[in-house]
Amino acid sequence: MQTRTLGRTGRTVSVMGLGTWQLGGDWGAVTDADGVAVLAASVDAGITFFDTADVYGDGRSERLIGQFLANDASGAEITVATKMGRRVEQLPENFVLANFREWTDRSRTNLGMDTLDLVQLHCPPGAVFESGEVYDALDTLVGEGVIKNYGVSVETCDQALAAISRPGVATVQIILNAFRLKPLDEVLPAARAAGVGIIARVPLASGLLTGKYSRETVFADSDHRNYNRDGSHFDVGETFSGVDFEVGLQAATEFAALAPAGLTPAQAALAWVAQIDGVSAVIPGARSVAQAQANAAAGMAEPLGVAFNEGVQDIYDRLLREQIHPRW
C-alpha cells in the first residue's frame, strides 16, 4: 500500500482510505457485524485512514469505528477524520465555538477518543469559508487539545481555494474522480504549493465508475442514489458527481474499456485518483469485505500511464464537461 503525508497534519496515511458514509445505513442497510468486518478487512489490507461524519446514520458510523478501534489488536496507526456541521440549519451564524465544542464532544464520545485526529467542516454555507472567526474558533479547539487538526469538506473549487489560503487548514476534502476533473485546474496546484492535503471523495461517482449499473438498476428508497438525483436533499454533486444517470452509464461503459488487464473498472478509477500528484488519500466506501479488499488493491496498482489519462480526458470533454461546468 502506498502512503502519503496527510497535508499539514504531518501524519502518514494509506493513499487508499475508507469512506464510511455507507456504515451509517444511508446507502441501504448494513449490520453492525458487517460494518466492523469491513473496517477490519480494510486495516488487514493496509488501509490506515478512515473518513466519517457525525451525521452518517446520526453518529452510527462514528460509533462503529469507535467500537472497532476499542478492540483492534492490529497495531496499525489509524487516523480517523470526522466531519461536523450538518446537524443544524445551514446558517453561517451556527458555525461558532459553542456549537463546535458541542459537536466535537459528541464525536469524541462516539469514537471513544479524547482528542480527534482531524475534524472537517462538513460542506458549510459559503460565507463560513470567508469568516476569520470560524478559523479562530477551530484554532481554539486545537489549543485546548480537543482536536489535533482541522480541515474542510467543500462543494466548489472556490470554497477549496478560500480554505487553502488559511494557514491553519490542514486538509481539503473535495469531489474528484474521472467524471469530475475541475479540481485539477487550480485546487490541486494551490494545495500542493501550500502543503494542504487533498482528500478525494466520491471517487467512483457513487458507483457509476464500477461499470456495474444499467438502466434497470434499482436503488433502495433509503439510498441517496434514488432520492437525491435532482439535488433535492443535498448538493447534487454528491450523487453520481452531478452527472445525469443516463449519460453516466454511457461514460462508464467507455471508461471500463480503458481499464488495463488485472484491474477492474472500479480499481482503475480509484488508482487513477490515487496517482494524481497532490492527492493525500482517496476514500471509497465499501459495504463488504470483498469490496474493501478490492479497493485496497487499487492503492498498490502500477502507474496507469499517458494513454489512460488521455482516455479519461477525452470521455470528460465529449460527454461530461458541458453538463458539469455550468454548476461549477
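## Strand E9 and its neighbours

Ile199 stands opposite Ala281 in E10, and three bridges join strand E9 (residues 197-201) to E10, the two running parallel. On the other pairing, Val172 stands opposite Ile198 in E9, with five bridges joining strand E8 (residues 169-175) to E9, again in parallel. Strands are DSSP runs of E with at least two residues, helices are runs of H or I with at least four residues, and both are numbered from the N terminus; two strands pair if DSSP finds at least two bridges between them.

This is a predicted model, in which local features need pLDDT of at least 70 and side-chain atom pairs count only at pLDDT 80 or more, whereas totals for chains, interfaces and linings use all residues. Residues are numbered from 1 along each chain as its sequence is written, and side-chain values use heavy atoms, with hydrogens and water left out.

## The sheet and its burial

Eight parallel strands make up an open sheet, in the order E3-E4-E5-E6-E7-E8-E9-E10. Its edge strands are E3 (18-19) and E10 (279-282), each of which pairs on one side only.

Because five of the five residues of E9 are buried, this strand is largely enclosed by the rest of the structure; buried means under 20% relative accessible area, exposed over 50%, and partly exposed in between, with a 1.4 Å probe and protein chains only. Gly197, Ile199 and Arg201 point one way from E9, while Ile198 and Ala200 point the other way. In E10 lies Val282, which counts as buried because its relative accessibility is 0%.

## Helix H8

Helix H8 (residues 245-256) has 12 residues and reaches 16 Å from its first C-alpha to its last, close to the 16 Å expected at 1.5 Å a residue, where the expected span is 1.5 Å times one less than the number of residues. Phe245, Gly248, Leu249, Ala251, Ala252 and Phe255 are buried in H8. At the start of this helix, a side-chain oxygen of Asp244 comes to within 3.1 Å of the backbone nitrogen of Glu246.

## The second largest pocket

The second largest pocket has a volume of about 170 Å³, a volume being the space filled by probe spheres set on grid points that are joined across faces, edges and corners. A pocket is an open set of points on a 1 Å grid over the protein atoms alone, where a 1.4 Å probe fits, with protein on both sides within 12 Å along at least five of seven lines, and lining residues have an atom within 4 Å of a point.

Among the lining residues are Leu181, Trp272, Ile276 and Asn309, and helix H11 (residues 306-324) gives the most to this lining, with three residues.

Conventions:
Polar contact = N/O pair within 3.5 Å; in protein donor to acceptor, adjacent residues only side chain to side chain.
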